[in-house]
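I opened a new structure today and kept short notes on what I looked up. The entries follow in the order I made them.

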Amino acid sequence: MHTASCLVNLECAACNLPYASDRLQKLCSACGMPLLARYDLEKAARTLSRAALRTRRADLWRYEEVLPVQDDHFRLALGEGWTPLLKARFGARIGCPATYIKDESSNPTGSFKARGLCLAVSRAWELGASSIAIPSAGNAGSALAAYCAAAGIQAHVFIPQDAPPAFAAEARAYGARVELIEGLITDCARKVREGVERYGWFDVSTLKEPYRIEGKKTMGYELGEQLDWQLPDVIIYPTGGGTGLIGMWKAFAEMQQLGLIGGKRPRMVSVQAENCAPIVKAFHAGVDRAEPWANARTVADGLRVPSAIGDFLMLQVLRESHGTGVAVSDGEMIEYARVMAAGSGVFPGPEGAAAFAAQIRLLDSGWLKRDETVVLFNTGTPLKQILLWT
Ligand SMILES: Cc1ncc(COP(=O)(O)O)c(C=O)c1O
């Protein structure tokens, strides 16, 4: 059956060149930049209303008008999205009582990566892909493997050799072919490119196809709904390739056009690791593109991204939102994970703990006011890296 998708076409995020959305697409052929999905939002607004949402299914497909899948046969669902937004008890203790945690660890395969890969695999399946490849710090590989298993598509996952072993074991259990690569995610990306040329795999690297970001944007829609359509003052997000930040920013623009929210936007904060902080550095240097980070090292696997194709989009989001960038140390991530767990009941991964550490810094510096509403994203479960805390 036809979904209510109001997808119209794709558009280059840098040069605005339009592209057809009825076939597999990669990057802009003119400038090599990412493509974004565009919808008929006037049409979508007729059915995607605050009232209609109250009775919809409890997963990310509740926003089907602004998602790309056309035939519901291809709508893969493993329970992704509609994750809890929890008021953190520690908020009162740190003097910022309206502190919330959006707990993404309850997604399939334990991280927010499920949202993006759910959409990317559903749409690639609908458009005829038969094998899909990804370079991954770990979580995206697990998520790709799970959705490919649900669709019956072969997944090829390339993970750095020193990533925690749980990621490769999990992806293999889902039937993915997993290769461990000496080096970083950028070296894994090279391997994917070779496979694309040699075997015709479809590459779902961050922002190199248009639909992962469509899954990530649903975090923005959910925040709106869960806060009764009053977006928070500040969102603190652990950033690698940047799809979370970029996706939510896209969601807020769509939501305003749909009449779901007004013009108020949160200040967006990018959190990175001290030894891999290309976006934070570029933001404070006032430049539009980030330099690749040499010798990237951090226990937060998801933040070990030395260079990102969407760097200019992340920097645009930080500037347009009057946000900022914060880099925190590995020691802080490990320590603050314990404090956050004991003070809220949510045990975060190192990336989520980094968001909490950044909140403390921003409170101390006065950038964050104590009466502001803040959402910290816990992007994934700590359990695949549990040895960090033993
Ligand atoms: C747990 C976790 N948090 C945050 C990130 C960073 O996400 P993004 O690359 O979309 O910025 C990742 C990416 O691998 C991750 O696995």
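**Salt bridges**

I began with D22 and R23, whose side chains form a salt bridge with an N to O distance of 3.2 Å. The model is predicted. I noted D22 as exposed, at 54% relative accessible area, and R23 as partly exposed, at 47%.

Next I looked up R57 and D59, which meet through their side chains in a salt bridge of 2.8 Å, N to O. R57 is partly exposed, with 37% relative accessible area. D59 has 8% and counts as buried, because buried means under 20%.

I then checked D162 and R304, a side-chain salt bridge of 2.9 Å, N to O. D162 sits in the loop between β7 (154-160) and α6 (165-173), and R304 in the loop between α11 (278-285) and α12 (311-320), so this pair ties together parts 142 residues apart in sequence. I have D162 down as exposed at 53% relative accessibility and R304 as buried at 9%.

I also found a network of salt bridges linking K102, E104, R115 and E222. My count of salt bridges came to 23.

**A helix pair**

I looked at helix α9 (residues 218-226) and helix α10 (residues 243-257), whose axes come within 7 Å and cross at roughly 55 degrees. That angle makes α9 oblique to α10. I recorded the crossing of α9 and α10 as right-handed.

**A nonpolar patch**

Last, I noted a nonpolar surface patch of about 390 Å², made by F347, L383, I386 and L387. F347 is in the loop between α13 (330-344) and α14 (350-365). At 31% relative accessibility, F347 is partly exposed.

Technical notes. Residues are numbered from 1 along each chain as its sequence is written. This is a predicted model: local features need pLDDT of at least 70, side-chain atom pairs count only at pLDDT 80 or more; totals for chains, interfaces and linings use all residues. Side-chain values use heavy atoms; hydrogens and water are left out. Patches are made of residues with over 30% relative accessible area and no salt bridge: like charges are joined within 9 Å, nonpolar side chains (Val, Leu, Ile, Met, Phe, Trp, Tyr) within 5 Å. Accessible areas come from the Shrake-Rupley method with a 1.4 Å probe; for residues, only the protein chains shown count as cover. A salt bridge is a side-chain nitrogen of Lys or Arg within 4 Å of a carboxyl oxygen of Asp or Glu. Helices (H or I, at least four residues) and strands (E, at least two) are DSSP runs, numbered from the N terminus. Buried means under 20% relative accessible area, exposed over 50%, partly exposed in between (1.4 Å probe, protein chains only). Axes are lines fitted to C-alpha atoms, for helices over the stretch in contact, and angles run from 0 to 180 degrees between N-to-C directions. Angles under 35 degrees count as roughly parallel, over 145 as roughly antiparallel, 65 to 115 as roughly perpendicular and the rest as oblique. A crossing is left-handed if the near helix is turned anticlockwise from the far one by less than a right angle, and right-handed if clockwise.
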